[in-house]
Amino acid sequence: MVESSLQREIELLHAEICQALADPTRIALLYRLDDGAQCVTDLTEALEVPQPTVSYHLRILRERGLVVAEREGTMVLYSLADGRIIEALDMLRGMLADVLTRRAELIRESPDR
């Protein structure tokens with residue numbers, strides 16, 4: 001059985017971080033923001049996604065504390081709240097690559113082939 005404090009942390013992790021990462025557009029936005037602060041227009045053009053979609057996903061990322069917004073004149077610039085999110089995503093991508101490699105090896109070694 002999982003200790004109650006760990007269980008609560010797991011629930012918070014899921015609610016705050018995992019759900020925020022549950023959409024590929026949000027992950028792409030985080031990677032774009034790793035290049036530096038950007039406005040919605042720049043992100044819309046870079047991702048080739050409609051502006052309302054980008055704004056929606058940025059709101060979710062902001063509410064979950066993964067990005068911050070700063071007004072600069074009439075423009076709002078978005079940036080990463082904590083660069084460690086990119087390190088975590090890169091680690092997950094590495095794990096995914098390993099899983100896919102192992103699967104491919106199992107398929108190649110399968111006697112049914």
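In which helix do glutamate 11 and arginine 8 both lie, and how many residues apart? Both lie in helix α1, 3 residues apart, about one turn of the helix. The model is predicted: local features need pLDDT of at least 70, side-chain atom pairs count only at pLDDT 80 or more, and totals for chains, interfaces and linings use all residues. Residues are numbered from 1 along each chain as its sequence is written, and side-chain values use heavy atoms, with hydrogens and water left out.

Select glutamate 11 and arginine 8: their side chains meet in a salt bridge at 3.6 Å, N to O (a side-chain nitrogen of Lys or Arg within 4 Å of a carboxyl oxygen of Asp or Glu).

Next, select glutamate 63 and arginine 59 in helix α4, which lie 4 residues apart; their closest N and O atoms are 3.0 Å apart in a salt bridge.

Move to helix α5, where arginine 93 and aspartate 90 are 3 residues apart. This pair also forms a salt bridge, with closest N and O atoms at 3.3 Å. The whole structure holds 4 salt bridges.

Finally, select residues 67-72, strand β1, which runs antiparallel to β2 and is joined to it by 6 bridges (strands pair if DSSP finds at least two bridges between them). Glutamate 72 stands opposite methionine 75 in β2. The two strands form a hairpin with 2 residues between them, and glycine 73 in the turn has a positive phi of about 70 degrees.
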